[in-house]
Structures are given as C-alpha cells and as structure tokens.
Amino acid sequence: MAARRTAVLGTVLTLLSAPALTACSGNSEDDVRAAAQAFLDDWSAGDPGAAASATTDPDAASGLLEQTATDLPGATLRAELGDVTVEDGTATAAWTATWDLAAAPDWTYDATLQLREGEDAWQVVAAPTVVHPELGEGQHLLLARTLPERAAITDAAGTPLFGPTEVVNVGVDTGQVTDLPALASALSAATGVAAEEITADVQAAPPGQFVPVIALRRPAFEAIRAQVFDLPGAVFPTETRLLPPSTGFASALLGRVGPATAEVIGETTTDGVAAYAGGDQLGLSGLQRAFQEQLTGTPGFTVSVVSADESTGDAGREVAAVDPVAGQPIQTPLVRALQDAADGAVATQPLPTHLVVVRPGTGEILAVSSNGAAAPGNALSGQYPPGSSMKTITATALLSTGRLTPDTPVACPGTTVVEGREFENQDQFDLGTVPFTEAFARSCNTTFIQAGLQLPDDALAAAAASYGVGSDWQLPVEVFSGSVPADSTGTTKAANTIGQGQVLMSPAQMALVAAGVASGTPAAPVEVVGGDPAGPAPAGPDQAVLDQLRPLMRQVVLTGTAEALADRGEVYGKTGTAEFGSNTPPDAHGWFTGYQLAGPQGDIAVAVLVEGGGSSSVAVAVTDTFLGALG
C-alpha cells in the first residue's frame with residue numbers, strides 16, 4: 001500500500017512539474033535572436049568586452065574583435081539581424097554588416113553567427129567567421145584605400161590654377177645644432193623669420209627632431225641657398241605641394257592648401273585618411289575649403305584576408321573592393337592676364353594694398369589681389385570707410401531727385417559747418433560756384449555735404465542698395481557687401497555722404513558698384529562659374545540717372561583727381577581719401593574705383609585700396625600700373 005502511494009505521488013509530481021519545465025525553456029528561436037542581437041549591439045556600440053562575454057570563448061572573441069578594430073581604424077559597425085534557425089542545441093543567425101569606414105565608402109556584406117546553447121543562455125561561437133565569412137584562424141583583415149586625384153580649380157579658360165610644385169622646407173635638425181644663436185640669426189637674415197621665434201621653437205623640440213622655419217618654392221630657395229646651405233644644423237628636405245602659379249595668386253578667393261599637402265594631393269598618404277579630412281584640419285581656406293568634398297572626390301578601398309604571421313609573405317586574398325571616384329573641378333571666372341597684372345600692380349606698394357576686378361553686367365570676379373603687406377582676405381571681406389569714392393553713390397541719390405543735373409551750379413566753399421562741426425575740402429580748396437560735374441571731378445566735400453543734407457534720411461542707403469550694397473551675399477568665400485545706415489542725421493549724415501561716418505565698404509563691393517554703373521545692370525558677385533547665385537540681382541538706379549552719372553566719372557579722369565589715368569583708354573572713375581583712427585592729423589586710406597570700356601580685356605571694373613596711403617593718389621598710381629600692364 002505504501003509502495004502504491006509512493007508511485008501515485010511520483011506520478012502527480014511528474015505531472016505537476018511538466019508545465020514548469022516548459023515555461024522555463026521558452027521559445028528557442030526568440031532566445032537565439034535575443035542573444036545574437038545583444039552580441040551585435042555591444043559590438044556595434046564599441047564595447048568588444050561586453051560582446052565577447054556572451055561568446056563561448058570570451059578571451060578569444062575579445063582578441064578577435066579588438067584586432068578587427070585595429071584592422072579597420074576609425075570604422076563604426078551597423079549590424080542588421082536577419083533570419084534565425086535552431087536545431088538540436090545549435091543555431092545560425094544571418095546578419096548584414098555595414099562598416100562606416102573612415103575616409104572611404106561604406107563596406108557591406110552578409111555573414112552568419114553560429115550559436116550554441118549553454119547552461120544558462122545561448123552563446124555566440126567564438127570563431128573568425130564572426131567578423132567575416134572568409135576569415136580563418138590565424139588571419140586578419142587588411143584595409144587599403146585608393147585615392148583619386150584631387151580635381152582642379154581652374155581659371156575662366158578652364159586651365160588648372162594649382163599644380164604640383166617642388167617646395168624646399170628650410171628647417172633645423174636639433175641634433176646637429178652647434179651654435180643656436182648664430183644659426184637662428186643667420187636663418188632669420190635669409191628668410192625674414194624672427195630669430196627669437198626660431199630659437200624658441202628649436203629649444204622646445206626634442207633632440208633629433210626637424211623644426212620647420214619656412215617653406216620656399218625652389219627658385220626662392222635658390223636665391224638664399226648660399227646664405228643658409230652650410231649652416232650647422234640647417235636642413236632642407238623637399239616635397240611636392242599643390243600650389244598656385246605664384247605666391248599669393250588670388251589667395252583671398254582661391255585660398256591655400258595647408259601643410260598636409262602630400263595628403264591633399266593624394267599621392268603619398270600612408271593611411272588615406274588625412275587627404276579626406278575637413279578643411280580646418282588641413283589648413284584649407286577659400287574655395288579650396290568651401291569645395292573640399294567636391295574636389296577630393298570619393299576614395300576607393302580594398303579589403304583582403306591576410307595571415308597574421310607576416311613572415312609567411314602571404315599577399316592575402318581580396319574579399320572586397322570599391323573603385324575611387326574622381327573629384328569634380330571648380331571653374332572660377334579669374335582671368336590669368338588680369339590677375340598677373342593686378343599682382344604686379346599691388347607689389348609696387350609697400351603699404352597693404354588690394355585690387356579687385358569685376359566684369360560689368362555679370363558680377364564675375366576676374367581678379368583679386370593683395371600684396372605681401374596686406375591680409376589677403378580683406379580684399380573681399382574687409383570693412384573700410386570708402387571716403388570720396390562713396391560720392392558715386394551719393395551722386396546717384398542726388399541725381400535721382402531730379403532737382404540736380406551735371407550742369408546745375410553748386411557751391412564749393414573751402415569749409416562748411418554742420419551742427420557746430422567743421423568739414424573741409426582737401427587743403428580747404430575753394431572753387432566758388434561751379435557746375436556739379438566739376439564739383440564731382442574735383443571731389444568737393446562741401447558740395448556733397450550741403451546737397452546731401454537735403455536728401456531724405458534713407459536716400460543714401462536706398463541708392464547704395466540699388467547697387468547691391470547691404471545685400472546678404474551667399475557665396476563660397478565671404479564678400480562684405482557694405483553698410484550704409486538709413487537713419488543717420490546731422491553730422492553723421494553729413495559724414496556719410498562723403499564716405500566717412502558710419503559707411504563701410506570692401507574693395508570687392510566697390511568694384512561691384514563701379515561695374516553696375518558701367519553696365520547699367522548691377523549684378524551679384526560670381527566666384528564660381530555655374531555656381532549657385534549669390535543673391536538676386538540688385539535693382540539698379542534709373543537709366544536716366546546712370547546716363548548723367550557716367551560723364552561725371554569720365555570727367556574725374558579727364559580733368560579731375562584721377563587725371564593720371566587719362567591716357568589709359570576710356571576710363572571712368574572716382575577717387576577717395578578716407579580718414580580713420582584717432583591720430584592728429586588722422587591717418588587715411590587711398591581709394592580708386594572705376595571702370596575701363598573696350599580695353600585689352602574688354603569691359604572691366606576695378607577697385608583699388610591702399611591702406612594708410614594718405615591720399616587717393618597712391619591708389620590712382622596702382623591703377624595706372626595695372627592698366628598699363630594690360631597693354
């Protein structure tokens with residue numbers, strides 16, 4: 001009887017326990033999917049330790065995943081789990097790997113994970129195929145990038161403006177220096193780099209390190225070779241850089257290629273990453289920076305499976321390849337002859353000097369030049385008082401009223417007083433009463449102040465806006481469009497009429513104003529042929545106003561303040577002397593803005609600024625040299 005009760009109890013316990021066992025085992029496919037997903041999630045999140053802990057051999061798996069991170073530096077993984085199959089304590093999970101490779105296109109392939117049922121959970125089998133289906137024991141991946149040639153930035157004729165150029169890096173090998181003060185002094189005398197700077201850099205560097213001093217094109221180096229070549233500690237490694245035709249050639253627009261030039265060219269990079277870094281990292285500027293991605297194109301790559309034992313000489317087996325895609329060139333409207341003439345002209349001035357050339361009717365920037373003393377970006381984005389070159393705009397406002405014509409008699413006293421402040425002409429010249437044409441040609445400040453004060457407060461800003469001044473130009477390289485306030489009164493309004501006060505302009509915008517007068521159809525600036533418009537075209541003044549304004553500007557050249565240009569063809573212009581700063585007497589910039597019709601390079605508009613030039617005569621002289629170089 002006792003035996004029977006025991007048997008019945010055992011049967012009952014068995015029946016009661018069966019549902020509990022079924023509940024613990026759960027759904028095998030769901031468990032496998034959860035285990036595979038957890039492994040892939042940890043790996044994708046950059047936590048190989050956590051991923052490896054869920055495998056059959058955590059140590060082996062951890063080494064495998066860490067090796068993969070080394071093989072694919074900077075890469076990130078996106079994993080998509082696919083179908084799962086389960087059979088007798090083993091399982092297979094299909095998945096798709098997508099590697100976001102640094103400086104290369106994505107690499108995608110299909111793979112599988114093998115899983116085994118453990119005591120507490122399913123585990124991923126730690127095998128090389130976890131990483132790639134063709135990876136075996138004792139092997140790893142080898143990634144090699146293939147870099148396309150950097151595309152060209154071209155001039156208006158389609159000729160590339162940057163080319164591989166030999167550069168000599170003048171520098172110091174700290175391990176070879178015998179007399180640092182003497183070396184620094186000699187290098188400074190030859191290169192212009194401060195001896196104190198050279199000394200500090202060498203002292204901060206460890207023994208045997210190369211310390212750069214200056215990089216010179218081969219001809220420039222040959223000019224100082226005799227001064228530096230035999231100096232103990234001086235060394236001169238060479239390299240190839242992607243450079244424009246001459247130092248500073250249109251640098252405000254084109255920009256520069258930074259010190260990592262070998263990588264930028266895409267020929268000698270070791271890992272392929274540097275060539276496709278951002279513009280800031282490579283020291284790029286201008287169009288080189290704005291179009292970095294388009295110019296570099298897309299690199300290609302190969303992935304091979306190779307032996308971890310380098311002594312085998314295993315060349316590996318390629319498992320993936322993507323061809324590089326060449327970059328797309330950028331065409332600028334730059335005209336080589338105009339740029340060369342502009343560079344030659346600004347080089348005649350020791351003071352910071354800028355010259356910008358624009359095509360009337362199109363707004364195309366044909367040349368932009370700054371000399372070595374100037375900050376080149378200021379040719380496009382600098383903000384300066386324009387002085388009397390502003391009178392082109394003020395005259396536009398005055399002529400637009402209809403109450404004044406070129407023949408209208410106007411007073412030109414030596415001085416005039418506004419709210420207790422005295423304004424004067426240069427050296428207080430007094431013309432008496434003269435036609436407005438003469439007052440314009442001789443740049444009579446008092447005439448413009450007296451007449452300008454009669455204008456509505458917003459009239460000057462409206463006239464400026466008709467030429468595009470104050471526009472929010474959307475350009476790859478910034479152009480300051482100028483600023484003319486619409487609410488100035490009293491002495492500030494008086495000063496604004498002669499380009500002082502609160503008025504600011506860039507050389508580029510003043511060239512655009514002159515171009516608008518020349519063509520009758522002001523245009524937004526163009527830096528790249530076929531690029532996106534910088535903004536809507538300015539409305540422009542009435543044609544009747546322009547018909548009166550052009551003879552005024554012609555008279556400036558024939559008998560006025562720019563008479564030195566009278567033999568340079570059909571030239572129109574306006575000079576400017578713009579005071580700035582707090583010195584007594586104040587410092588002044590020199591300006592010339594104007595245009596030449598039917599010249600050797602067709603119709604062109606030009607603006608010249610000599611910073612601190614003292615008077616407009618220096619700007620006229622630069623303009624004369626520029627136009628003379630054109631023939």
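Two strands count as paired if DSSP finds at least two bridges between them. I also keep to DSSP for naming: helices are H or I runs of at least four residues, strands are E runs of at least two, and both are numbered from the N terminus.

**Entry 1: ground rules.** I am working with a predicted model, where local features need pLDDT of at least 70, side-chain atom pairs count only at pLDDT 80 or more, and totals for chains, interfaces and linings use all residues. Residues are numbered from 1 along each chain as its sequence is written, and side-chain values use heavy atoms, with hydrogens and water left out.

**Entry 2: the five-stranded sheet.** I began with Leu 355 and found Val 608 of β22 opposite it. Strand β14 (residues 353-358) pairs with β22 through six bridges, in the antiparallel sense. I then followed the whole open sheet, whose five strands come in the order β15-β14-β22-β21-β20 with antiparallel pairing. At its edges I noted β15 (365-370) and β20 (570-580), each pairing on one side only. The twist from one strand to the next averages 10 degrees.

I looked up what covers these strands, too. Helix α13 (residues 336-346) lies across β14, β15 and β22, and runs at about 25 degrees to β15. Such angles go from 0 to 180 degrees between N-to-C directions, with axes as lines fitted to C-alpha atoms, for helices over the stretch in contact.

**Entry 3: Leu 355 and the cores.** Which residues touch the most other members of the largest nonpolar core? I found Leu 355, Ile 393, Leu 549 and Phe 626, in a core of 112 residues. A nonpolar core here is a set of buried Ala, Val, Leu, Ile, Met, Phe, Trp, Tyr and Cys residues joined through side-chain atoms within 4.5 Å. Helix α20 (residues 507-519) gives the most to this core, with nine residues. A second, separate core has 37 residues, including Ala 51, Ala 97, Trp 107 and Val 124.

Back at Leu 355, I set aside neighbours within four places in sequence and listed its contacts (heavy atoms within 4.5 Å). Among them are Ala 342, Val 346, Val 368, Val 608 and Phe 626.

**Entry 4: Glu 611.** Is Glu 611 buried or exposed? I have it as buried, because its relative accessible area is 18% and buried means under 20% (exposed is over 50%, partly exposed in between, with a 1.4 Å probe and protein chains only). Glu 611 sits in the loop between β22 (602-610) and α22 (616-630). Its side chain makes a polar contact of 2.7 Å with the side chain of His 354. For that term I used a pair of N or O atoms within 3.5 Å; within protein, one must be able to donate a hydrogen and the other to accept it, and residues adjacent in sequence count only if both atoms are side-chain atoms. Beyond four places in sequence, the contacts of Glu 611 also include Pro 352, Tyr 384 and His 589.

**Entry 5: the disulfide.** With a disulfide taken as a pair of cysteine sulfur atoms within 2.5 Å, I counted one. Cys 412 is joined to Cys 444, S to S 2.0 Å. The link is right-handed, with 110 degrees about the S-S bond, and both cysteines, Cys 412 and Cys 444, are buried.
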